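Let's take a walk through this one, starting from the inside and working along the strands. Have the sequence and the model open as you read.

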Amino acid sequence: MRVISGKYRGRQLKGPPSAQTRPTSDRLRETLFNVLAPRIEGARFLDLCAGTGAVGIEALSRGAEHVTFVDKSRKMCGLIEANLDALKIESENVDVVGADATACLKKFAKQIKPSLTAGLMPRLPGPFDIIFFDPPYAGDYEAVLSFVSEYRAPLLSDEGIVVVEHYKKKELPAEFGSLKCYRTLKQGDSVLSFFKRIE
């Protein structure tokens with residue numbers, strides 16, 4: 001695996017220790033960031049089920065302001081930190097959180113909301129401009145998207161989007177509460193579904 005473009009272009013990343021972790025391919029990452037290009041500069045990016053951290057690192061390489069990496073595997077969190085260290089990425093630009101995706105979102109929503117209500121920018125990493133979600137288990141899609149929809153205000157910025165990577169045979173509903181799918185991109189066995197808030 002390598003960083004495709006930006007500040008760290010061409011740098012190699014450490015891969016997963018086993019075949020059970022399925023990292024987003026270089027080609028699919030390139031497709032993803034071609035679409036995200038107008039949004040990425042200065043963005044606050046959440047990489048859920050981050051695995052190796054390749055997607056979040058690509059976001060940083062292309063100009064994201066801050067990336068939060070979330071993975072419930074301690075080994076994967078260690079791998080993410082190793083990749084960040086190898087690239088000498090400043091610690092103030094990243095957070096690595098070892099937690100289940102939904103549990104982490106609940107914690108963020110609870111902590112961010114009071115600051116927003118008071119008209120303050122929270123000291124936490126959110127609200128996020130882009131949430132990328134590639135879960136290892138198919139049953140996680142609905143729970144996470146439904147939660148983001150319910151707590152959209154503290155978790156997503158006004159123009160924020162959620163991008164879900166999933167297997168081509170796994171069809172996602174066109175809407176999840178206050179979120180709707182506005183674009184899909186298919187590549188090989190994978191699909192990227194893009195969600196934004198319903199106007």
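Which residues have the most contacts inside the largest nonpolar core? Keep in mind that this is a predicted model. In that core of 31 residues, the ones to look for are Leu32, Leu36, Phe45 and Phe69.

Now zoom in on Leu32. Setting aside neighbours within four places in sequence, Leu32 is in contact with Val55, Phe132, Val163, Leu192 and Phe194. There's also a second, separate core of 25 residues, and Val70, Ile131, Phe133 and Val162 are among its members.

Next, follow strand E8. With 6 of its 8 residues buried, E8 is largely enclosed by the rest of the structure. What does E8 pair with? One partner is E5, which runs antiparallel to E8 and is joined to it by 7 bridges; here Ile161 has Lys196 as its bridge partner. Another is strand E7 (residues 179-187), also antiparallel to E8, with 8 bridges between the two.

Finally, look at how the chain gets from E7 to E8. The two strands form a hairpin with 2 residues between them, and Gly188 in the turn has a positive phi of about 60°.

Terms used: Residues numbered from 1 in each chain as written. Predicted model: local features only at pLDDT ≥ 70, side-chain atom pairs only at ≥ 80, totals over all residues. Heavy atoms only, no water. Core = buried A, V, L, I, M, F, W, Y, C linked by side-chain atoms within 4.5 Å. Buried < 20%, exposed > 50% of the residue type's maximum accessible area, 1.4 Å probe, protein only. Contact = heavy atoms within 4.5 Å. Helix = DSSP H or I, 4+ residues; strand = E, 2+ residues; numbered from the N terminus. Pairing = 2+ DSSP bridges.
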